[in-house]
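These are my notebook entries on a structure that I looked through by topic. Each entry records what I looked up and what I found.

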Amino acid sequence: MSPAIFNEWIGQTPNASEHGGLVDHMLGFVHWFMLVLLIGWSIYLIIAFYRFNEKRAKRADYHGVTGHATTHIEIGVVIVEAILLLGFAFPLWSRQADDYPTSPDTVRMRALGEKFLWNFQYAGEDALLSAWEGRYLSANNQTGKDPHDPTGKDDFVNPGTMKLPVGRPVIVDVASKDVIHNLALVPMRAAQDATPGVKAHMWFKPIKTGTWDIICGQLCGPGHAQMKAVLEVVDPKEFDDWAKEQSAAAKKKADESTATAGAK
Ligand SMILES: [Cu+2]
């Protein structure tokens with residue numbers, strides 16, 4: 001029996017990413033450990049209520065516990081916690097933080113949070129994501145694409161829906177237009193704060209097709225609870241066709257606006 005079965009019992013959303021199994025494995029251990037602590041502390045509480053009831057212990061004991069049992073239990077807890085941190089959490093974190101995917105089929109995109117929605121910008125045909133700056137934001141430029149960056153011409157924006165192909169790694173740049181948000185992709189076991197002024201990123205690889213809610217994981221204001229978007233993982237062929245069409249349309253629009261600007 002995998003320790004992750006505990007996660008299922010308490011209703012955790014099933015994992016849909018490649019590395020997510022490792023996260024769930026670790027979470028499973030944490031949940032079992034917390035269950036043991038809960039039972040242990042509850043037993044201690046009941047014993048304390050009984051043993052130190054006023055009827056039985058009228059006078060305070062100024063020497064307290066003289067045995068070493070509690071010290072040994074404390075050391076045991078510290079060892080288990082050290083194993084969880086050094087044996088599971090750190091290696092998993094370093095894998096996600098250091099081993100960024102480099103394969104040519106990697107999807108590059110940006111998630112830009114604002115009160116209270118998510119904008120998703122895709123790298124388009126050239127697979128290169130444009131630079132962005134807050135000062136370029138306008139009604140026609142929801143993601144603040146740098147107009148002087150030629151790699152941004154074919155980048156397209158899909159507000160509210162993060163469409164991804166199954167079985168291919170995704171690198172997401174996460175940023176914010178206003179306050180701190182958090183792009184929380186629960187089934188992908190991935191979340192990243194979107195902090196104003198910080199260009200953060202994360203990566204994962206979806207292994208299941210499906211549709212899920214994306215939520216904002218940081219309390220960001222009165223519309224926080226409504227700050228939802230859709231995560232849609234589809235067949236790679238369907239994704240490629242869609243991305244190609246969107247990218248071509250974005251490029252055409254960019255070329256037209258350059259032409260009109262030139263004609264002025
Ligand atoms: Cu938010």
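Predicted model: local features only at pLDDT ≥ 70, side-chain atom pairs only at ≥ 80, totals over all residues.

I take helices (H or I, at least four residues) and strands (E, at least two) as DSSP runs, numbered from the N terminus. Residues are numbered from 1 along each chain as its sequence is written, and side-chain values use heavy atoms, with hydrogens and water left out.

**Entry 1: backbone exceptions**

I began with the backbone. Most residues other than glycine have a negative phi, and most peptide bonds are trans. I found a cis peptide bond between K115 and F116, with omega about 0°. F116 belongs to the loop between strand 1 and strand 2 (117-122).

I then looked up positive phi values. A127 is not a glycine, yet its phi is near 60°. This residue sits in the loop between strand 2 and strand 3. For accessibility I use relative accessible area with a 1.4 Å probe and protein chains only: buried is under 20%, exposed is over 50%, and partly exposed is in between. A127, at 39%, is partly exposed.

R189 also has a positive phi, of about 55°, without being a glycine. I located R189 in the loop between strand 6 (181-185) and strand 7 (190-194). R189 is buried, at 14% relative accessible area.

**Entry 2: the sheet and a further strand pair**

Strands of a sheet pair through backbone hydrogen bonds, either parallel or antiparallel. I count two strands as paired if DSSP finds at least two bridges between them. Five strands form an open sheet with mixed pairing, in the order 3-2-1-5-8. Its edges are strand 3 (156-157) and strand 8 (200-204); each has a single partner strand, so one side of each lacks a neighbour in the sheet.

Within this order I looked up strand 1 (residues 107-114) and strand 5 (residues 170-176), which pair in the parallel sense over seven bridges. L112 has A175 of strand 5 as its bridge partner.

I also examined strand 4 (residues 161-165). Four of its five residues are buried, so strand 4 is largely enclosed by the rest of the structure. Strand 4 runs parallel to strand 10 (residues 229-234), and five bridges join them. One of the residues I checked is M162, whose bridge partner in strand 10 is L231.

**Entry 3: the copper site**

Which residues supply the protein donors of the copper ion? I count as donors the N, O and S atoms within 2.8 Å of the metal (3.2 Å for Na, K and Ca); water is not among the atoms, so sites may look incomplete. The donors are H181 (ND1), C216 (SG), C220 (SG) and M227 (SD), at 2.0 to 2.4 Å from the copper ion. Along the sequence, these donor residues follow the spacing H-x34-C-x3-C-x6-M.

C216 is buried at 6% relative accessibility, C220 is buried at 9%, and M227 is buried at 1%. I also searched for disulfides (a pair of cysteine sulfur atoms within 2.5 Å); the structure holds zero.

**Entry 4: aromatic rings**

A pair of aromatic rings is described by the distance of the centres and the angle of the planes. I pair rings of Phe, Tyr and Trp (its six-membered ring) if their centres lie within 6.5 Å; planes under 30 degrees apart are stacked, over 60 edge-to-face, and the rest tilted. The structure holds eleven such pairs. In one of them, F6 and W9 have ring centres 5.9 Å apart and planes at 45°, so the pair is tilted. Both residues lie in helix 1 (residues 5-9), three residues apart, about one turn of the helix. F6 is buried at 12% relative accessible area, whereas W9 is exposed at 54%.

W9 also pairs with W32: their ring centres are 5.8 Å apart and their planes at 75°, so this pair is edge-to-face. W9 lies in helix 1 and W32 in helix 2 (residues 20-51), so the pair ties together parts 23 residues apart in sequence. W32 is partly exposed, at 27% relative accessibility. Elsewhere, I recorded one aromatic cluster formed by Y122, F156, F239 and W242.
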